[in-house]
Amino acid sequence: MNIYRMKMTDSTNLEASRHKDAEDMSVWTALFQTEGRGQRGNVWESAFGENLTFSILFKPSFFIPASGQFVISQISSVGVASYLETSGLSPKIKWPNDIYIEDRKICGMLIENTVSGDRLAAGISGIGLNLNQRSFSPELPNPTSLLIEKERAGGRPCPLYDPDSELERLLEHIFGYYRLAAGQEGRERIKKEYLARLYRMGKECLFDETLPGRPVRRFSGRIAGVDENTARLVVETADGMRMYAFKEIRYVI
């Protein structure tokens with residue numbers, strides 16, 4: 001593994017973008033990010049040295065069509081979920097790629113892809129996984145960490161996790177799925193595993209519709225899946241099936 005370890009950086013995604021000539025599956029990790037970023041333009045908060053904050057540069061030598069670039073998000077989220085399952089947890093993937101334990105967020109991602117013509121040229125997968133942190137900002141609505149969840153499940157204090165060894169274990173899971181994606185059968189398996197772990201799949205629950213230029217509308221529906229061609233979330237409502245792109249729908253938790 002090509003892992004570049006830093007004490008501090010502005011953002012591991014920015015670090016990866018500055019080194020796009022690096023080898024496929026190169027990784028940049030930092031103890032602290034001064035400008036850590038999350039989805040929807042949010043800041044990613046993480047205590048110094050307590051968690052995993054890293055970015056992977058994917059430069060697939062095999063063909064991934066531009067229309068299928070969501071597979072990078074699927075590889076990353078299924079890989080993290082698979083890693084957490086080895087600790088006895090039951091993670092779910094909150095579309096598009098947050099990882100939850102029940103209704104608590106343990107991991108967030110920022111995926112940034114580069115397309116060349118009709119193919120995916122490169123992808124940067126920025127991952128923030130809460131590992132040892134116990135105390136979080138009160139502004140975060142539902143955070144958790146691997147340590148908290150293990151202690152919750154076991155009912156007793158647990159030793160701290162070693163970030164370096166846990167990063168390598170986690171990367172083995174992610175890279176295993178990445179290698180699977182080289183073939184069509186492998187990509188189909190990844191899609192099935194992603195859907196099998198989808199948060200609130202098939203359950204009646206509340207959402208906020210947040211379409212641009214319109215007032216927020218709360219409604220009830222069931223997640224039916226993810227559209228294969230557009231990666232939009234498919235929700236069954238009383239009025240029929242609806243599809244939502246990122247930032248057009250918000251879970252009510």
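Modeller: Keep in mind that the model is predicted. One place to begin is a helix pair: α2 passes α5 in a left-handed crossing.

Colleague: What is in contact with I75, leaving aside its neighbours within four places in sequence?

Modeller: I75 is in contact with I174, Y177, Y178, A181 and I190. I75 also belongs to the largest nonpolar core, which has 57 residues. Those with the most contacts inside that core are F54, I75, V80, L84, W95, L129 and I174. Helix α2 gives the most to this core, with eight residues. Another core, of seven residues, lies apart from it; M6, A22, L57 and I124 are among them.

Colleague: What makes E149 buried?

Modeller: Its relative accessible area. The value for E149 is 3%. Buried means under 20%, so E149 is buried.

Colleague: Where is E149 found, and what is in contact with E149 beyond its neighbours within four places in sequence?

Modeller: E149 is found in helix α3. Its contacts, with those neighbours left aside, are L89, I101, R104 and T144.

Colleague: Which residues of α3 are buried, and what do they pack against?

Modeller: In helix α3 (residues 146-154), the buried residues are L146, L147, I148, E149 and E151. They pack against α2, β5 (98-101) and β6 (104-116). Just after α3, G155 takes a positive phi of about 70 degrees.

Colleague: Why is D164 called partly exposed?

Modeller: D164 has a relative accessible area of 40%. Buried is under 20% and exposed is over 50%. The value lies in between, so D164 is partly exposed. The place of D164 is in helix α4 (residues 163-180).

Colleague: How many residues apart along the chain are D164 and T29, and what separates their C-alpha atoms?

Modeller: D164 and T29 are 135 residues apart along the chain. Their C-alpha atoms are separated by 9.6 Å.

Key. Residues are numbered from 1 along each chain as its sequence is written. This is a predicted model: local features need pLDDT of at least 70, side-chain atom pairs count only at pLDDT 80 or more; totals for chains, interfaces and linings use all residues. Side-chain values use heavy atoms; hydrogens and water are left out. A crossing is left-handed if the near helix is turned anticlockwise from the far one by less than a right angle, and right-handed if clockwise. Helices (H or I, at least four residues) and strands (E, at least two) are DSSP runs, numbered from the N terminus. A nonpolar core is a set of buried Ala, Val, Leu, Ile, Met, Phe, Trp, Tyr and Cys residues joined through side-chain atoms within 4.5 Å. Buried means under 20% relative accessible area, exposed over 50%, partly exposed in between (1.4 Å probe, protein chains only). Contact means heavy atoms within 4.5 Å.
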